[in-house]
Amino acid sequence: MSQTILNDDSLTFAEKIISLKADGGRKVHHAGEIAVLPADLAMAQDSTGPLAIKVFREMGVQKVWDPKKIHLVIDHSFPAPDEKVANLHILIREFVKQQGVRLVEGSISHQHLLENHVVPGMVLFGADSHTCQAGAIGAFATGIGSSEMAAVWASGKLWVRVPESIKTNLTGQFKKGVYARDIITHFIGMVGEDGGNYKSLEWKGSAVKNLSISSRACISNNSMECGCKLSIFEVDRTTQDYFKTINRKAMFEVHAGPKAHYEEEYEIDLGTLEPQVWGPGNESKVRSAGEFGDDHLDEVFIGSSTNGRYEDLQVVGKILKGHKIKAGTRCIITPASRNVFERAIKDGLAETFLESGAVFTNATCGACVGTHLGVLGENETCLSTSPRNYVGRMGATTAKIYLSSPATAAASALEGHIADPRSYL
Amino acid sequence: MSLSPPSTIIRGRTWVWPDDVNTDIIIPFRFKARTNDPVEMAKYAMYGFDPEFYKKVKPGDLFVAGRNFGGGSSREQAPVAIKYSGIAAVVAESFARIFYRNSFAIGLPALEVPGIAKQVNQWDELEVNLQDWTVKKVNDGMIFHALPVPDFLRGLMREGGLVEYYKKHRTFPWENMRALTGTT
């Protein structure tokens, strides 16, 4: 039956992977149906894990279903910036010890799982909305809350509604200074904040083959900002090569059928995109970097799970090299994982950052969630590569947040206002 | 501390909110990530709109909101803060996916009623019926039918969420596949 499902011309990625996993592949599940999915991985982090632990204990469950499949990640506020956070971290460490589950501290969960655990065809439930990042390598990966995470810990399963799908064909080639982040910012600007709510996004088209795994991870991660359940790049040569180099094997390679039904279809010609900026705040329109005036930036934050990968830091290094951050603007660079951090230190990128006057921190969600290492004060203005520009996201509710690619952010840090990166490349 | 399961018929005055009320407005990260106590979380409910909201809300009040209520983060602390602030039910034109799931998981009644935000004014009295899944405007008797949800989720909601359900049944509502037949 599994082979029949894999070869079915009429099913979307979501329908196929849910059908393969639920009920052991004995039944085809179409969009709109409810299915119960066994989890291959379950992840909670330090701002959702403590509540999940509390709920798990309140349920009166003694043992988790499979300790090897459960990951706790201390990443949102690492290391603990204050006593309250430190105490919740202690709660996590005690639970980890008691249940024998996995713990990582100091790498952002999504990047940590991508580098070390998740493979194509897996089902990953994460108590973090940006869990959908792992769709970049063809996994079913979606965000849930703490109580449902406790239920997954207890039973290894969770209900899902099979989502409808939206297909976007990516064609053409980037102009200089335009990156994966500009695609997804443009897309969200086009469909709106709930344009992908409950849906599975499938990224297709001739330009996909030129997107690295890091670029795909950026798009799948940031797809959450239109509300999606999944954001999928099917396995291709790039994915296969990536898993060969890191020596991990796919569970399944799932490809949507050529006659699958899509609720909506979009096309984006990468050659038409300019560097994109969204802000201030989520109520503003997405515009090109060149359309902004010279309003002063108090902070530029480069990093987070959306854009803190090595590929991102390389571009930033290229732009900052030999230049100084504008006086009066602080530039904070935060890698997505310990691995990215170490690479940047060993190969000299860290030196470039420090010489430019930037602050280079350990891996953490940090400034993105306004918890430490770059919190915004009253009426401050920030350009960030993190996923969200919500009111109060990074600190004061009066602070203004703009979002862009790392290249645009780096160029803007040098000029002290939003700037087009192309003159530095 | 846990709250008792919701009543079948909930009547209360309404707070009206706009479209796209996200989870950072409902409870900012810096507060929600520093406590595991729902009563403490409730002090920051709707902080992004009004840091004093928790002082103004009355137990049994209701929310009516526009589209995409609860967008953004997976933080269950958002519906928890709303529930423990005293809000008895949230009615929205649409909910963001994770917030909606979380509401059922914690037993906060959440009903999806397209178009309702334009029909209701701040402080209007509403009656939310969890049995027939409707919302009634008390002053003119106007009745709105909420979009249907699977029976097992409505059952979960009426029993007060996953903790209460599991304590009673020692299983989760979706583990019995027969419970899924006849769902919408």
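**Helix 8 of chain B**

Trainee: What covers the buried residues of helix 8 of chain B?

Mentor: The cover includes helix 3 (49–59) and helix 6 (146–155) of chain A, as well as helix 6 and helix 7 (151–158) of chain B. Helices (H or I, at least four residues) and strands (E, at least two) are DSSP runs, numbered from the N terminus. This is a predicted model, where local features need pLDDT of at least 70, side-chain atom pairs count only at pLDDT 80 or more, and totals for chains, interfaces and linings use all residues. Residues are numbered from 1 along each chain as its sequence is written, and chains are lettered from A and ligands numbered from 1 in the order in which they are written.

Trainee: Which are the buried residues of helix 8 of chain B?

Mentor: Buried means 20 or more other C-beta atoms within 10 Å of a residue's own; exposed means 12 or fewer, partly exposed is in between, and C-beta atoms are placed from the backbone. In helix 8 of chain B, Leu162(B), Val163(B), Glu164(B), Tyr165(B) and Tyr166(B) are buried. Look just past the end of that helix too: Arg170(B) has a positive phi of about 55° there.

Trainee: How many residues of chain B are in contact with chain A?

Mentor: Contact means that two C-beta atoms, placed from the backbone, lie within 7 Å. Chain B puts 41 residues in contact with 45 of chain A. On the chain B side, two or more residues each come from helix 1 (23–26), helix 2 (29–32), helix 6 (97–106) and helix 8 (162–169). Helix 6 of chain B has the largest share, 6 residues.

**Chain B and its sheet**

Trainee: How many helices and strands does chain B have?

Mentor: Chain B has 8 helices and 7 strands. Now check its radius of gyration, taken over C-alpha atoms, against the globule rule (2.2 Å times the number of residues to the power 0.38). Chain B gives 16 Å, close to the 16 Å that the rule gives for 184 residues, so it is as compact as a globular protein of that length. Its C-alpha trace spans about 45 × 45 × 25 Å along the principal axes. Of the 184 residues, 52% are buried. Take the contacts in chain B with a separation of 6 or more: 68% involve residues 24 or more positions apart.

Trainee: In what order do the 7 strands of chain B form the sheet?

Mentor: Strands of a sheet pair through backbone hydrogen bonds, parallel or antiparallel. Two strands count as paired if DSSP finds at least two bridges between them. In chain B, the order is 4-3-2-1-5-6-7, the sheet is open, and the pairing is mixed. Strand 4 (110–112) and strand 7 (143–145) of chain B are at the edges with a single partner each, so one side of each has no neighbour in the sheet. For one pair, take strand 1 (residues 9–17) and strand 2 (residues 62–65) of chain B: they run parallel over 4 bridges. Within strand 2 of chain B, Leu62(B) is the bridge partner of Thr14(B).

**Chain A**

Trainee: How many helices and strands does chain A have?

Mentor: Chain A has 14 helices and 18 strands. The radius of gyration of chain A is 21 Å, close to the 22 Å of the globule rule for 425 residues, so chain A is as compact as a globular protein of that length. Its C-alpha atoms fill a box of roughly 60 × 50 × 40 Å along the principal axes. Buried residues make up 59% of the 425. Among contacts in chain A at least 6 apart in sequence, 76% join residues at least 24 apart.

Trainee: Which faces of strand 6 of chain A are covered?

Mentor: In a regular strand, side chains alternate between the two faces of the sheet. In strand 6 (residues 140–143) of chain A, both faces are covered. Phe140(A) and Thr142(A) are buried on one side, Ala141(A) and Gly143(A) on the other. Strand 5 (residues 123–127) of chain A runs parallel to strand 6 of chain A, with 4 bridges between them. There, Gly126(A) has Gly143(A) as its bridge partner.

Trainee: How many residues of strand 7 of chain A are buried?

Mentor: Strand 7 (residues 157–161) of chain A has 4 of its 5 residues buried. Strand 1 (residues 34–38) of chain A runs antiparallel to strand 7 of chain A, joined by 5 bridges. Pro38(A) has Lys157(A) as its bridge partner in strand 7 of chain A.

Trainee: What does the domain assignment of chain A give?

Mentor: Such bounds come from an automatic or database domain assignment. For chain A it gives domain 1 (2–268) and domain 2 (275–424). Their C-alpha centres lie 25 Å apart. In domain 1 of chain A, 33 residues are in contact with 32 residues of domain 2 of chain A. On the domain 1 side, helix 5 (109–116), helix 7 (180–191) and helix 8 (213–222) of chain A give two or more residues each. Helix 8 of chain A gives the largest share of that side, 6 residues.
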